[in-house]
Amino acid sequence: MTAPSLAERLDGLLFFPVTAFGPDGAPDLDVFRAHVRAGVDAGAAAVFACCGTGEFHALTPTEFGACVAAAVEAAGGRVPVLAGAGYGTALAAEYAALAERAGADGLLAMPPYLVVPDQEGLLRHYTALAAATRLDVIVYQRDNAVFTPGTVVELARVPNIIGLKDGYGDLELMQRIISAVRTELPGDGFRYFNGLPTAELTGLAYRGLGVTLYSSAVFAFSPEIALAFHRALTTGDDATVGRFVDGFYRPLADLRGKGRGYAVSLVKAGVRLRGLDVGEVRPPLSEPAPAHVRELAELVARGTALLEEC
C-alpha cells in the first residue's frame with residue numbers, strides 16, 4: 001500500500017501555532033514544542049508552523065529552521081507539518097530548502113514581498129518555487145497575490161502545487177476558480193482552504209462552495225471552542241453554528257478590528273491567557289492593549305459557556 005499524499009492527509013482543523021519567544025527575545029523551542037504538542041493532542045489535523053500567525057516575517061532563516069524542526073519533533077508524525085515560505089522567489093526557495101531539511105511535509109507559499117506582480121509574474125514565481133523543492137505546496141491567495149481562474153488552473157497543473165488557501169474573501173472569484181479547475185482538470189484533487197482571519201465567520205458561505213477546510217486562529221488558544229464549532233459546521237448543525245457566531249466569533253472579529261496586527265498579537269495573548277508563556281510579538285507588531293486582553297478573556301469565558309449547549 002502506498003502512503004496517503006499530503007493532500008489526502010489534510011482533513012480537519014488546521015492549526016497555526018504562534019512562535020514562542022523567551023525573555024531574551026529568542027525563540028523558546030521548549031515552549032514552542034509544548035504549544036504544538038498540545039494542539040496535536042487536542043485534535044489538530046495539521047500544523048502550519050512559522051506562517052503568518054507564527055510571525056514568519058520576524059524570524060531569521062536560522063530561527064525558522066529550528067522552529068520548523070521543533071514543530072516536526074513535537075508532532076511526532078501524528079499529523080503533517082507545513083511551513084511558511086515567502087519573500088521573493090530566491091528567498092522563498094531558500095526557506096523551502098530549510099523546511100525540507102527540518103522534516104516538514106509541505107509548504108504554505110505566502111505572497112511575494114511588497115511588489116504587485118501581474119498574473120504571469122505570479123505564475124512564474126510559484127512554479128519556480130515548486131520546482132525548487134520536493135515538498136508539496138499550498139499557495140496563499142491574499143493582498144498582492146490574487147489570481148484569475150486561469151492562473152489557478154495553470155498552478156494546479158504543477159504536480160506538487162496541491163491547493164489554494166484563500167485569504168482574499170471574494171466568493172464569486174472562488175466559485176469561478178473552483179469551476180475552472182474542475183472543468184479543466186477533472187478529478188485532479190486540488191484542495192481549497194478558507195484562510196480568512198476569523199475563518200469561522202464565513203464557514204457557512206465557504207461550505208456552500210464545497211470548501212470545508214479552514215485555518216482556525218481560535219484553535220491556538222481555545223481548541224475546545226474551535227473543535228465544537230468545527231463539529232457543528234461539518235455536521236450541518238446550523239443552530240449551533242449560529243450561536244457560536246453570534247456569541248463568540250463575531251464579537252472576536254470586532255475585537256480583532258480594534259488594533260493593528262491583532263490577527264497575530266491577540267492570538268498570542270490568548271495563548272498566554274491559557275497559561276502558556278509564549279512571550280510577546282516581535283516588532284513591528286505591538287502587544288494588544290490591556291483592556292482588549294481583558295475583553296478577550298471575557299469572550300473566551302463566554303465561548304466556553306456556549307460549550308454546555310452543544
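Helices here are DSSP runs of H or I with at least four residues, numbered from the N terminus. The model is predicted.

**Exercise 1. Which residue just after helix 9 takes a positive phi, and what spans and surrounds this helix?**

Step 1. Locate the helix. Helix 9 covers residues 223–235.

Step 2. Check its length. The expected span is 1.5 Å times one less than the number of residues. Helix 9 has 13 residues, so it should span 18 Å. Its end C-alpha atoms lie 18 Å apart, which agrees.

Step 3. Look just past its end. Glycine 236 has a positive phi of about 80 degrees.

Step 4. List what is buried. Among the buried residues of helix 9 are Pro223, Ile225, Phe229, His230 and Leu233.

Step 5. Find their neighbours. The buried residues of helix 9 pack against strand 1, helix 2, helix 8, strand 8, helix 10 and helix 12.

**Exercise 2. Trace the chain from strand 1 to strand 3. Which helices does the path use?**

Step 1. Start with the pairing. Strand 1 (residues 13–15) and strand 2 (residues 46–49) run parallel, joined by two bridges. Phenylalanine 15 has valine 47 as its bridge partner in strand 2.

Step 2. Move on one strand. Strands 2 and 3 are also parallel, with three bridges. Alanine 49 faces alanine 83 in strand 3. The chain passes through helix 3 (residues 61–75) on its way to strand 3, again in a right-handed crossover.

Step 3. Inspect the faces of strand 2. Ala46 and Phe48 point one way, Val47 and Ala49 the other. All four are buried.

**Exercise 3. Which strands pair with strand 4, and are its two faces covered or open?**

Step 1. Take the strand 3 side. Strand 3 (residues 81–85) pairs with strand 4 in the parallel sense over four bridges. Leucine 82 has glycine 106 as its bridge partner. Helix 4 (residues 89–101) carries the chain between these strands, and the β-α-β crossover is right-handed.

Step 2. Take the strand 5 side. Strand 5 (residues 136–141) is parallel to strand 4, again over four bridges. Here leucine 108 stands opposite isoleucine 138. Helix 5 (residues 119–131) forms a right-handed β-α-β unit with strands 4 and 5.

Step 3. Turn to the faces. Gly106 and Leu108 lie on one side of strand 4, Leu107 and Ala109 on the other. All are buried, and both faces are covered.

Methods: Residues are numbered from 1 along each chain as its sequence is written. This is a predicted model: local features need pLDDT of at least 70, side-chain atom pairs count only at pLDDT 80 or more; totals for chains, interfaces and linings use all residues. Side-chain values use heavy atoms; hydrogens and water are left out. Buried means under 20% relative accessible area, exposed over 50%, partly exposed in between (1.4 Å probe, protein chains only). Two strands pair if DSSP finds at least two bridges between them. A crossover is right-handed if, with the strands pointing away from the viewer, the path from the first strand over the helix to the second runs clockwise. Contact means heavy atoms within 4.5 Å.
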